[in-house]
Every structure is written in C-alpha cells, then in structure tokens.
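Here is a short briefing on selected side-chain contacts and strand pairing. Keep the structure open while you read.

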Amino acid sequence: MSFLRRRSSATPAGPDFDVLAMDPGDWPGNLGAGLLPAPDGSCQGVFLRYDLFGGRGPAMVIGNLPEGSPARELADGEVPFEVAQLLLALENEEEVTVVASEDVPVMQGDNLLIVRRLRLSESRVSCVQFDRSDNVLVTIAAWDRPITDDLYALLKPLPAELFQQG
C-alpha cells in the first residue's frame, strides 16, 4: 500500500509505523488498543480490539506487526497473535489451530492486496492477513461473523496521537 510509510521522530511516542485499522469514530462499540513493547522500548506491534458485544468480549481484533516482530514467528498450525488475543478475551480455552489457508486478490481503492484467508479449527473465528508495502503484517480476526471484502475499504492509517502516552 503505497500511501503507508514508516514514521520517524527524535522521540518516539508510540509505534514508528502507521497503524492501519478502522477509525474508532466509525465504530459504534468500545475500542481498546495495545502495544507490544520490545526490551529496548521500541514497538513490536499494535493491536486494536473492537467490542460490539456490550462488554462481553470483542467482535474483532486488528493487529499491525512490523517486520522482525517476534509475534509474527509462528509454528506450523499455530494461530496468529490476534486470534489468540481474541480467544483469550472471550475466555475461550479450546485449542485452536490453523487447518488451511488460501490467497485471494482483493482491491482496496487503487491497491491490490493479496489476502491470506486462514481457516481455523474453531469455525466461529474468521481470520485474514495481508502484507503492506512497508512490510507490516495486518491480521484481522473476527468472532462469529465473516470478514467480507467491503471491510478493507474501512481500513485507514490512524493518527499517531491515538498512541501517545500521557
């Protein structure tokens, strides 16, 4: 996605990359954001939890993991970090694995995405992944609802101020 680029500043106040997700103002439920810190203080990923279920758990988790993030390193059949976070938040303790994947071309505006659709052993979880032009892996995990192509039109870079502390 050509409009995305790494951010750099003298004093980082959050992730040093743009976070692609749905604007919190466009979401009718609760939103939570989490940063994955590295020991050196750098950001190894960002995930956003969208809750439509009135506090009973999230409907969707969207993660942005830069190249080199340990959360991207998965064993064969292991679910992505975002799926694990979704299941943890829903207090679902069943063992879930990836049983298959399929690459599908999807248009997002003028950009062509190659979306990897993961099929999981827990059929109530939908999961897709795609790589951005800045080598950030975006993963979307949804509970009890399919992820359709129109969702990609809602994704946009979120303002850096959203992730500043203080």
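The side chains of Arg116 and Asp103 form a salt bridge, with N and O 3.9 Å apart. This is a predicted model. The pair spans two strands: Arg116 sits in strand S6 and Asp103 in strand S5, so it ties together parts 13 residues apart in sequence.

**Salt bridges**

- Arg116 is partly exposed, at 25% relative accessibility.
- Asp103 is exposed, with a relative accessible area of 51%; the cut-off for exposed is over 50%.
- The count of salt bridges in the model is seven.
- Arg72 and Asp131 make one of them, with their closest N and O atoms 3.7 Å apart.
- Arg72 belongs to the loop between strand S4 (60-65) and H1, and Asp131 to strand S7, so this pair ties together parts 59 residues apart in sequence.
- Both partners are partly exposed: Arg72 has a relative accessible area of 27%, and Asp131 has 39%.
- A network of salt bridges links Arg72, Asp103, Arg116 and Asp131.
- Arg132 and Asp134 also meet through their side chains in a salt bridge, at 2.8 Å from N to O.
- Arg132 and Asp134 are both buried.

- Strand S5 (residues 98-108) pairs with strand S6 (residues 111-120) in the antiparallel sense, over ten bridges.
- Val98 stands opposite Leu120 in S6.
- Two residues lie between S5 and S6, which form a hairpin.
- Gly109, in the turn, has a positive phi of about 65 degrees.

**Aromatic pairs**

- The structure contains two aromatic pairs.
- Phe47 and Phe81 form an edge-to-face pair, 5.4 Å from centre to centre, with 70 degrees between the planes.
- This pair links distant parts of the chain: Phe47 is in strand S3 (residues 43-51) and Phe81 in helix H1 (residues 81-89), 34 residues apart.
- Phe47 and Phe81 are both buried.
- The ring centres of Phe130 and Tyr152 are 6.1 Å apart and their planes stand at 80 degrees, so this pair is edge-to-face; the cut-off is over 60 degrees.
- Distant parts of the chain are linked here too: Phe130 is in strand S7 (residues 125-131), and Tyr152 is in the loop between strand S8 (137-143) and strand S9 (155-157), 22 residues apart.
- Phe130 and Tyr152 are both buried.

Notes: Residues numbered from 1 in each chain as written. Heavy atoms only, no water. Phe/Tyr/Trp six-rings, centres within 6.5 Å; stacked < 30°, edge-to-face > 60°. Helix = DSSP H or I, 4+ residues; strand = E, 2+ residues; numbered from the N terminus. Buried < 20%, exposed > 50% of the residue type's maximum accessible area, 1.4 Å probe, protein only. Pairing = 2+ DSSP bridges. Salt bridge = Lys/Arg side-chain N within 4 Å of Asp/Glu carboxyl O.
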